Amino acid sequence: MPREANETERTAPAAAAARSAFIRLVMRAPRRVVTLGLLASLAILAPAYFIDNDIWADGLELAAVCLLVSTTILALHLARTGKPIRWVAYVAAFFVIVSQTVDFTDEIPYFADVPLLGPCPFSRFASPFLLGMGVAMLFGAFHLAVVDGGLARARLVGERNRLVDEIRERKRAEEDLRTHQEQLQGLMDVSPTAIGWGDSDGTGRYVNRKFAELFGYTLDETPDMEAWARAVFPDESYRRRMLLRLRRNFRQARLAGGDVAPIEASIVRKDGSTRVIEIAGALLPRGLLAVFNDITQRTRAQEELAAEKAFSETMLTSLPGIFYMYNQNGTLVRWNKNKETITGYSAEELRRFNALDWFSEEDRARVARHIAMVFDEGESRVQAGVIVRGGARIPFDLVGYRLDAPGGPYLIGLGLDITEFVEAQRALRESEERFRVLIENASDAFYLHDMSGRLVDVNQRACDDLGYTRDELLEKGVFDIEVASERQDDKQAIWERLASGAPVTIEGRHRRKDGTTFPVELRLSFLEVAGEPLVLALARDVSARKKLEEQLRQAQRMEAVGRLAGGVAHDFNNALQAILGYGRLALEEAAPGGALREDLEEVVKAANHATMLVRQLLAFSRRQVLRLENLRLDEIVHDLARMIGRVIGEDIVLTIRTSPALHAVRADRGQMEQVLMNLCVNARDAMPGGGEIAIGAENVRVDDAFRQRHPWAQPGDYVLLSVRDTGCGMDADTQERIFEPFFTTKDVGEGTGLGLATVYGIVRQHEGMVDVHSQPGQGSEFRVYLPAAEPAERAPAPKPAPPVAGGTETILLAEDEESVRKVATRLLERAGYTVVAAEDGEEALRIFDARADEIHLAFLDVVMPGLSGWAVAEHIHRSRPGTPILLASGYSADMDGKDLAMEDHMMLILKPYPREALLSNIRQLLDA
């Protein structure tokens with residue numbers, strides 16, 4: 001309420017009270033007023049009459065004024081008492097007297113230049129009569145009022161009339177008040193607000209219907225504030241707090257002259273329910289007005305709004321990333337706490353950033369398109385780096401949605417820090433790259449297919465093995481490239497084994513694009529990718545392994561045959577030794593030209609042929625003793641060229657091509673010559689109608705590429721000796737058996753089947769390799785790979801052998817085969833030596849220990865029952881170092897692990913040995 005209205009309301013009662021007091025004074029004391037007026041007039045006129053005319057005149061005027069005032073009051077009283085005639089008489093007399101004494105044309109100095117009425121119209125008719133009448137009337141009125149009690153009666157009558165008027169006015173006022181109260185009460189009752197009116201001490205005077213509806217109590221139940229507070233505030237401590245606040249607010253309103261400040265409170269209604277109200281009020285002149293507003297719904301709405309806001313804030317704060325809300329101008333409208341924490345900027349600083357200010361130049365264009373798409377299409381997603389305080393760039397996955405709201409539209413979005421995801425992706429890409437590199441460079445074919453057999457991925461090796469491109473192969477099913485195998489015959493069992501987590505290894509065959517097949521070894525594993533079960537198959541081409549296995553089986557067969565041949569050769573050599581020995585002795589005694597001598601020569605010839613066969617068997621079985629030296633194969637080839645030409649015949653052209661800087665090889669010359677001769681003879685037999693034989697020698701290096709084509713090869717530097725013919729060639733089955741002993745494609749009686757077997761044995765004994773390339777009708781090429789050796793000085797040309805000579809020294813002979821022992825004894829004794837024979841090694845040791853000083857040389861068979869010849873040789877070497885020892889052996893296996901080169905006084909001779917070789921070796925040892 002404005003302050004001016006308050007001032008008017010406060011001053012209005014005072015003015016009204018003043019007017020009432022004046023009226024009461026006029027109505028209740030007319031006699032006193034008139035008497036005082038007359039006395040005042042006489043008191044003024046009497047002194048003035050005797051002092052001075054001018055003073056008299058002034059006094060007369062002043063007395064007239066006093067009379068005028070008193071007469072006016074009397075007239076008003078008479079008018080109030082209902083005596084208008086007397087009132088008119090008195091007024092007329094008053095004006096006559098005044099007109100005869102006062103010149104109203106003059107100005108009365110006491111009224112500050114206020115002109116009064118002009119001369120009385122009756123002044124020219126004035127006469128003593130009229131003057132006397134006026135005085136009489138004046139004194140009559142005075143007598144009526146004062147002496148005769150007229151004024152007293154008039155006062156009583158006036159008081160009665162005033163009381164009647166007052167009663168009438170009060171009734172009218174009460175009626176108006178009652179009407180006003182009824183109207184006010186009607187307005188209060190229809191008011192939607194609870195209202196209570198009471199005295200200043202808290203006593204209730206009136207409450208409206210809404211009050212009873214709100215609280216459930218009537219005024220009789222809550223006659224004052226204390227009773228009302230006990231009813232609606234059952235909790236005592238809460239009630240004290242509320243009453244204290246109410247009284248404080250009413251007191252402050254009374255002191256400040258304003259309205260009562262509102263407060264909120266929680267009440268308990270009469271039915272036990274609770275409500276939230278707002279209590280306000282106003283001070284009245286004789287009490288106070290209280291207004292109660294039910295704000296339960298508003299409070300609940302505010303609480304729900306606050307809870308919703310708190311929930312929203314909590315939800316936004318609990319989000320794993322940053323939440324933001326931008327308008328179309330790119331201004332940040334709302335965000336969560338994480339945005340401040342992650343970016344490092346305060347709330348005030350964040351408001352200064354535009355939506356694109358967070359991104360680098362490389363990301364800004366993409367983010368701008370992302371924002372435009374959100375406003376145009378409703379949503380979008382992008383990955384970009386957010387630049388935070390300090391300049392660091394954090395990768396985020398940003399998802400935006402369009403929000404149509406008042407003041408919008410807006411972009412609301414959520415950004416997730418994907419640093420770990422980006423790092424994981426980078427690591428995954430690197431892992432995939434490494435995996436892809438490994439897979440692409442794997443020696444095995446890689447197949448990834450689903451449970452239906454559809455190929456999902458393959459590597460380049462798989463494409464190379466099958467002859468397909470990657471796209472062509474991925475259009476195939478795994479069963480399209482597999483020949484019927486265990487995997488197709490028992491698929492259910494394989495899937496069950498895979499599902500259990502155990503890898504499965506099976507063998508099968510794959511079909512190439514051209515229709516050819518090859519053997520493979522499949523290793524299957526089960527894995528799950530993105531929830532889809534897949535099978536990983538590693539397929540290894542085992543063609544080479546199968547071939548090696550076949551070669552191994554072939555080698556094992558040949559090894560078995562070789563062992564058999566070696567064992568047979570050992571015993572057969574002893575028999576041949578006896579045949580040749582006794583044959584030589586018989587030939588020396590037979591007469592020349594006789595039939596006996598011819599027979600003996602045939603016997604010796606046959607024995608020598610048998611000796612060559614045995615040596616071929618020993619070469620095949622790698623049991624012969626090698627005399628290794630550094631050799632140049634080109635020299636051997638050129639040295640044997642003339643002999644080879646005579647062997648192959650004139651209808652075959654021989655060509656030789658060797659490298660000038662050929663490496664040396666560590667080999668036995670005789671064995672190499674035999675290899676070359678056997679290969680040339682085999683080539684000749686393949687060209688019965690003539691042709692061409694080409695011999696070559698060159699340096700080669702066996703590397704990994706060569707080993708991929710020839711898995712049996714060992715890496716290193718080699719010398720390649722090749723023999724190529726233009727003959728009939730061989731099919732695959734023949735090539736698999738050509739190195740088997742006694743295998744031949746020739747007619748019966750035309751070959752022994754030991755030629756190529758001997759080559760194979762010699763080459764393998766020299767740690768070399770043999771390979772053959774041949775096709776029917778296109779000739780054959782045999783390739784011999786011998787390990788390259790360090791170059792050595794050329795060996796001096798061998799000196800011509802001296803004539804065989806005997807001697808007179810004593811020789812210890814140890815031989816378990818009686819026939820060989822006897823023939824050797826006779827050969828040595830004929831040469832002049834003294835022979836002490838022993839049947840075995842133990843007897844030889846006893847003889848040597850007993851006659852060591854007499855024995856000049858020990859001739860020992862290597863293989864003897866009990867104590868071997870090598871053991872006897874070691875005992876002799878320890879007992880008397882330097883004693884010459886000659887060892888005899890049927891095949892080289894007898895000397896496995898023995899190194900004859902460690903001692904110059906030890907030599908080896910192979911059975912069957914001729915008489916000349918035996919005597920030459922003995923003489924060489926004795927003369928050394």
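The legends below describe close-up views of a predicted model. Local features require pLDDT of at least 70 and side-chain atom pairs pLDDT 80 or more, while totals for chains, interfaces and linings use all residues. Residues are numbered from 1 along each chain as its sequence is written, and side-chain values use heavy atoms, without hydrogens and water.

**View 1. An open sheet is built from five strands.** The strands (DSSP runs of E, at least two residues, numbered from the N terminus) follow the order S12-S11-S15-S14-S13 with antiparallel pairing; two strands pair if DSSP finds at least two bridges between them. Strand S12 (455–458) and strand S13 (504–511) are the edge strands, each pairing on one side only. From one strand to the next, the twist averages 30°.

**View 2. Strands S14 and S15 run antiparallel.** S14 (residues 517–529) is joined to S15 (residues 532–541) by ten bridges. Phe526 has Val535 in S15 as its bridge partner.

**View 3. Helix H8 (residues 225–232) packs with helix H9 (residues 236–256).** Helices are DSSP runs of H or I with at least four residues. The angle is about 140° and the axes are 10 Å apart; axes are lines fitted to C-alpha atoms over the stretch in contact, and angles run from 0 to 180 degrees between N-to-C directions. H8 is therefore oblique to H9 (under 35 degrees is roughly parallel, over 145 roughly antiparallel, 65 to 115 roughly perpendicular, and the rest oblique).

**View 4. Residues of H8 and H9 form the contact (heavy atoms within 4.5 Å).** H8 contributes Met225, Glu226, Trp228, Ala229 and Arg230, and H9 contributes Arg239, Leu243, Leu246 and Arg247.
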